[in-house]
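Trainee: Please pick one part of this model and take me through it closely. I want cut-offs with every term.

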Amino acid sequence: MENYSKIKTKANFRHNLGKTLTYMLLGIWGIIVLFPFYWMILSSLKSYAAYNGEYVPKFYTLSPTLRNYIDAFTTVNLAKYLLNTVIFTVATTALMVLVITLAAFAFARLEFPGRDLIFTLFLALMMIPTELVVITNFVTITNLDLRNTFLGLILPSVTSVFYIYLLKENFAQIPNELYLAAKVDGTKDIKYLFKVMIPICRPTMVTVIILKVIECWNLFVWPRLITDDPAYFLVSNGIQEIRENGFGRENIPAMMAAVVVISLPLIILFLCFRKKVMEGVSRGGTKG
Amino acid sequence: MEKSKKWKISKNTLMKILTSYLYLLPALVFLGVFMIYPLVDVFVYSFEEGYNSAAQSFFGVGTYNYSYVLRDEYFIQALKNTIILVVITVPVSTGLGLLIALALNSIKALRDLFQTVFFLPYVTNTLAVGLVFMILFKKTPYSEGMVNMLIGLFGGNSVDFIDGPYWAKMFVLCFYTIWIVLPFKILILTSALASVNQNYYNAAKVDGTRKGRIFLRITLPMISPMLFYLIITGFIGAFKAYSDSVALFGTNLNAAGMNTIVGYVYDMLYGNSGGYPSYASAAAIILFAVVLTITCINLIVSRKYVHYK
């Protein structure tokens, strides 16, 4: 009997130790993830003088100020960068959804010679890294005189083979009978697509839209190549410009205010659509 | 009479085919112009010697661009940086991701909260948050910086991680890269672990199998397809590193000695030393060849170790 209780205490101890270590690991990584966010908010609330007065940085501030946020919108063109990014994101996403929906519909629902061959070729294109095609695209856009225009920014990213594939798979799951019934009733293909297929596949459409919005908001390389006029900068290029030429070199609190403003929209989007975003990324995300 | 009927049908089908292609047309046009044509063109560029982008003329055809790139010290530096980055970040991030996913799967309380927090880096702007990392690690005459303060607490000497020695800069770059890529790995591995059939574990429990053995004999084989998927995408992603480096060290990466292969391609194309699409193309194709080789090796190795159902 005594032995049993000894063994039991030992097992309990082990179990608790394991649990504690697990939570410690998760807690430590949680702190590492959250700390940069805390630091950027904290720094953005410190006044310029206070920030630069601290040789050893402080973990708190007793006199928070919103001055830096005012600076971020008045001294540099942060509002313009934000507006550009919103225009770019909305236009690119809307155009892309239209293009891929039509293509996915053709692949999933219509019958025409060459369909399977073209679809296979499309799938093969998924393996092509953007780095390989960006060089010629840069030359093409330059030759078309589309540098420093929204058109030049938008055009190369309005198709995505992967999203066509994702949507086609989803469209193909809709039973044939529905289409045939619609045909008997004399419904046109395009009307069937918009009135039946898209509503049924709304979850996938939302996933695609969310993923594309995240991608657009964080796009850096293509806009950097195609714009050198700050009037067309997106937020990523804007923050780089702010870092290198804005505010004067040492005004870090104002820079952090800009970083907070840029980061906030996507974080809010994520917190609102947490399940959707994570599900979408596990189905079709990359980055890393 | 019969003939005309047949003709009518074929006209009908013809219309059908035409409308089908009309649906496909936008996608075909965009992919043709911005994917397929550039894919051919990049090879053409890479073999045109002495290409002048202003006059759009070239001297001859050959492999000079490749040999120039391979002898360029900036390319060698970029290649070295990229390889170090790949060798460090892929194993560390995959291992850490697995460890965190295992921990997440073993708890119930606070699990949703942890998952949400861990995912945050995925939705952040690499350039913007990179600036925060720069400030945390930087040491200036006016301020020691957060990280150096911590090092000081443990009795170490302070180092400037942004403008200092090479190893310090490389450390920050690797650290930031892992911070950025981990959410994706944790997410994929957590759902892979959750989808392992519970019956296997119950059977092992009945047999009194030890935890380490359960992990090696059940968990690892069951999630091995996803693990290899992550390793392959991890290699590809790390070879294409660029934005993280810009975020930390600024756009003039050659001066900082922290350029990557992709950065070299873009610098050749546009920027301070830009205007050489031929060199850029050659470098991009070299990168593609390296990535393709590594991916093939990965696939061959995975055939031996991965258990597909």
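Mentor: A residue is buried if 20 or more other C-beta atoms lie within 10 Å of its own, exposed if 12 or fewer, and partly exposed in between, with C-beta atoms placed from the backbone. By that count, 39% of the 288 residues in chain A are buried. In chain B, 41% of the 309 residues are.

First, the ground rules. The model is predicted, so local features need pLDDT of at least 70 and side-chain atom pairs pLDDT 80 or more, while totals for chains, interfaces and linings use all residues. Residues are numbered from 1 along each chain as its sequence is written, with chains lettered from A and ligands numbered from 1 in the order in which they are written.

The part I pick is where chain A touches chain B. Two residues are in contact if their C-beta atoms, placed from the backbone, lie within 7 Å. Chain A puts 67 residues into the contact, and chain B puts in 76. Several elements of chain A give two or more residues to its side, including α1 (2–45), α4 (78–109), α11 (202–218), α14 and α15 (274–284). Helix α1(A) gives the most, with 10 residues. Sort that side of chain A by class: 47 residues are nonpolar, 14 polar and six charged.

Now one helix pair across the contact. Two packed helices are described by the angle between their axes and the distance between the axes. Axes are lines fitted to C-alpha atoms, for helices over the stretch in contact, and angles run from 0 to 180 degrees between N-to-C directions. The crossing of α14(A) with α5(B) is left-handed. That word applies if the near helix is turned anticlockwise from the far one by less than a right angle; clockwise gives right-handed. From α14(A) come Ile252(A), Met255(A), Val259(A), Ile262(A) and Ser263(A). They meet Ala128(B), Val129(B), Leu131(B), Val132(B) and Ile135(B) of α5(B). Nine of the residues in this helix contact are nonpolar, one is polar and none is charged.

Pro36(A) also reaches chain B. Pro36(A) sits in helix α1 of chain A. Beyond its neighbours within four places in sequence, Pro36(A) contacts Val129(B), Val132(B), Phe133(B) and Leu136(B). Pro36(A) has 24 other C-beta atoms within 10 Å, so it counts as buried.

Next, the chains that form the contact. Chain A has 15 helices and zero strands. Helices (H or I, at least four residues) and strands (E, at least two) are DSSP runs, numbered from the N terminus. Along the principal axes, the C-alpha atoms of chain A fill a box of roughly 80 × 75 × 35 Å. Of the chain A contacts between residues at least 6 apart in sequence, 76% join residues at least 24 apart.

Chain B has 13 helices and two strands. Its radius of gyration is 26 Å, well over the 19 Å that the globule rule gives for 309 residues, so chain B is more spread out than a compact globule. The box for its C-alpha atoms is roughly 90 × 60 × 35 Å along the principal axes.

Finally, a helix pair inside chain B. Helix α3 (residues 73–105) and helix α9 (residues 211–239) of chain B pack at about 150 degrees, with axes 9 Å apart. Therefore α3(B) and α9(B) are roughly antiparallel. The cut-offs are under 35 degrees for roughly parallel, over 145 for roughly antiparallel, 65 to 115 for roughly perpendicular, and oblique for the rest. This crossing of α3(B) and α9(B) is right-handed. Among the residues that meet are Leu85(B) and Val86(B) in α3(B), and Ile231(B) and Phe235(B) in α9(B). The contact of α3(B) with α9(B) has eight nonpolar, five polar and no charged residues.

Conventions
Ala, Val, Leu, Ile, Met, Phe, Trp, Tyr, Cys and Pro count as nonpolar, Asp, Glu, Lys and Arg as charged, and the others, Gly among them, as polar. The radius of gyration is taken over C-alpha atoms; the globule rule is 2.2 Å times the number of residues to the power 0.38.
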